[in-house]
Amino acid sequence: MRAVIAVSSNKGGVGKTTVATNLAIYLRALYEDLPVLLIGLDDQSVIDRMFRLRPRAPGEPNLKHAFAERSLERAIQLGQYGVSFVPTPPDVELLKARVDDPTTLRRMLDRVELPGVAILDTKNDLEALTRNALHAADLVIVPISDWASFEEAEKLQALLAKTPAGETPGRALLTLVDRRTRVDESGRDLYDRLVTAIDGRGWPRFETYLSRSPRVEALNSATSNPGSILHHARGTQVHAQLRTLAEEVVRTIDPDGRLAPARSVPPPAAPEPDAQAPFGSLKRALLRGLGR
């Protein structure tokens, strides 16, 4: 199978990069033979810091070189957790100015011998690189964390309607959810209000959602190298929710069920105290994170 997934919102702070990076790790863990390629269309270095296995070499190809050559082949690196990635350029502004054709990235991906999944993490805008991601995507995940991001999602959905897959709107994903927050006199929380609004627009959405988690926020910001939720946030709601999200994503991009887990996987364990035991090989780390 072959699929391209874009994670997109033109509002910052909704968890786009957290979703894109951790979804890549969960897909690689659940489906061990599935190649996963992660591309960041932003000038943040989160993907590099999270997945890089070796120091950056002088003249090392990155996304800027890939667009200049109209080929991703030379820039792809194998990273942590078995996820491949394309190094992020230090500045995407010049790159955006050179990518006026929104079909460029799709053609580049079509040339890659990748019988798996490519995940595109977009910038907080609807400009040239984001438009390339939307034109390339078979599935667009739209994180929505608050009312402002819901309103911004309407602009994204309108833009999606102009792409080749325009009849299929982006699939909403509720993120940073806190079910304790009440927003009206009837006792509804923000999650319920957003679900009602999303369903009222007729947008598809994921059944699962991602809860707000101080522990996950610490994984992203407490050190120079962001940590994987799969391996370092066991016992949190998000740990189980991301697994469910990965399974929903696979059902969406593979409705015929051609892609099956490498082996039977039991349900996630009940919440437990932090346990950051050291891990050895990649496979043992992935299996331990899944609770196998």
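Modeller: On a 1 Å grid over the protein atoms alone, a pocket is an open set of points with protein on both sides within 12 Å along at least five of seven lines, a cavity is a set where a 1.4 Å probe fits but cannot get out, and lining residues have an atom within 4 Å of a point. Points are joined across faces, edges and corners, and a volume is the space filled by probe spheres set on them. The model is predicted, so local features need pLDDT of at least 70 and side-chain atom pairs pLDDT 80 or more, while totals for chains, interfaces and linings use all residues. Residues are numbered from 1 along each chain as its sequence is written, and side-chain values use heavy atoms, without hydrogens and water.

The largest pocket holds about 420 Å³ of space, and among its 24 lining residues those closest to its centre are Val-14, Gly-15, Lys-16, Thr-18 and Asn-220. Helix H1 gives the largest share of this lining, four residues, and both H1 and helix H9 (214–221) supply at least two; helices (H or I, at least four residues) and strands (E, at least two) are DSSP runs numbered from the N terminus. By class, the lining of the largest pocket has eight nonpolar, 12 polar and four charged residues, where Asp, Glu, Lys and Arg count as charged, Ala, Val, Leu, Ile, Met, Phe, Trp, Tyr, Cys and Pro as nonpolar, and the others, Gly among them, as polar.

The largest cavity has about 80 Å³ of space, and its lining, which includes Leu-139 and Val-140, has seven nonpolar, three polar and one charged residue. The second largest cavity has about 50 Å³, and is lined by residues including Thr-17, Gly-40 and Asp-121; its lining divides into two nonpolar, four polar and two charged residues.
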